[in-house]
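Have the structure open while you read.

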Amino acid sequence: MSITLKVNGEERRYAGDPEMPLLWYLRDEINLPGTKFGCGKALCGACTVHLDGNAVRSCQTPMSAAEGFSVTTIEGLSTTGDHPVQKAWREIGVAQCGYCQPGQIMQAAALLKMTPKPTDADIDSAMSGNICRCGTYDRIRAAIKRAASQEAGR
């Protein structure tokens with residue numbers, strides 16, 4: 001079985017085990033290490049990527065589920081690092097250890113795409129599956145609000 005997908009805008013073909021998690025394809029097969037392995041059970045969100053714009057946990061997404069879809073990783077969110085969420089993350093100084101940040105940013109970007117002006121409840125609900133062991137939740141929420149306001153001002 002050959003699987004065709006787009007990763008960060010580039011068409012790719014995969015001919016291996018269709019049950020292999022997308023995370024391992026991204027990290028080990030095509031050298032995109034920005035997506036992190038956290039729990040391996042879709043509980044922490046460190047492995048969050050976009051599948052046709054929707055946030056998914058790549059550690060629990062088999063390659064077969066990516067057939068025909070566009071995958072966006074943190075490397076593909078913005079090649080220059082100027083996505084509004086990335087800019088707000090830097091401005092607010094969200095990252096501490098930084099390990100969960102790619103997943104957090106991808107989850108936040110998906111939230112803002114679907115809900116451009118999120119409430120605190122929207123943010124808490126969308127981000128509840130992304131765990132930050134450094135506890136920067138207040139700064140994450142502030143960065144999402146800043147990104148939303150910057151987008152609204154465009």
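## H4 against H5

In which hand does H4 pass H5, left or right? The crossing of H4 past H5 is right-handed. Keep in mind that this is a predicted model.

On the geometry side, H4 covers residues 101–114 and H5 covers residues 120–127, and the two pack at an angle of about 135° with their axes 10 Å apart. Angles over 145 degrees would count as roughly antiparallel, and 65 to 115 as roughly perpendicular, so H4 and H5 are oblique to each other. From H4, the contact takes in Gln104, Gln107, Ala108 and Leu111, which meet Asp122, Ile123, Ala126 and Met127 of H5. By type, the residues of this H4–H5 contact split into five nonpolar, two polar and one charged.

## H3 against H4

H4 also packs with H3 (residues 84–92), here at an angle of about 125° and with the axes 9 Å apart. H3 and H4 are therefore oblique to each other, and their crossing is right-handed.

H3 brings Val85, Gln86 and Trp89 to the contact, and they meet Gln101, Gln104, Ile105, Ala108, Ala109 and Leu112 in H4. Six of the contact residues are nonpolar and three are polar, with no charged ones.

## The largest pocket

Now for the space inside: the largest pocket holds about 220 Å³. It is lined by 13 residues, and those closest to its centre are Cys44, Tyr99, Cys100, Ile131 and Arg133. The lining comes out as eleven nonpolar residues, one polar and one charged.

Terms used: Residues numbered from 1 in each chain as written. Predicted model: local features only at pLDDT ≥ 70, side-chain atom pairs only at ≥ 80, totals over all residues. Heavy atoms only, no water. 1 Å grid on protein atoms, 1.4 Å probe; cavity = no way out; pocket = protein on both sides within 12 Å on 5 of 7 lines; lining within 4 Å. Points joined across faces, edges and corners; volume = space filled by probe spheres on them. Nonpolar A, V, L, I, M, F, W, Y, C, P; charged D, E, K, R; others polar. Axes fitted to C-alpha atoms, helices over the stretch in contact; angles between N-to-C directions. Helix = DSSP H or I, 4+ residues; strand = E, 2+ residues; numbered from the N terminus. Parallel < 35°, antiparallel > 145°, perpendicular 65-115°, else oblique. Left-handed = near helix turned anticlockwise from the far one by under 90°. Contact = heavy atoms within 4.5 Å.
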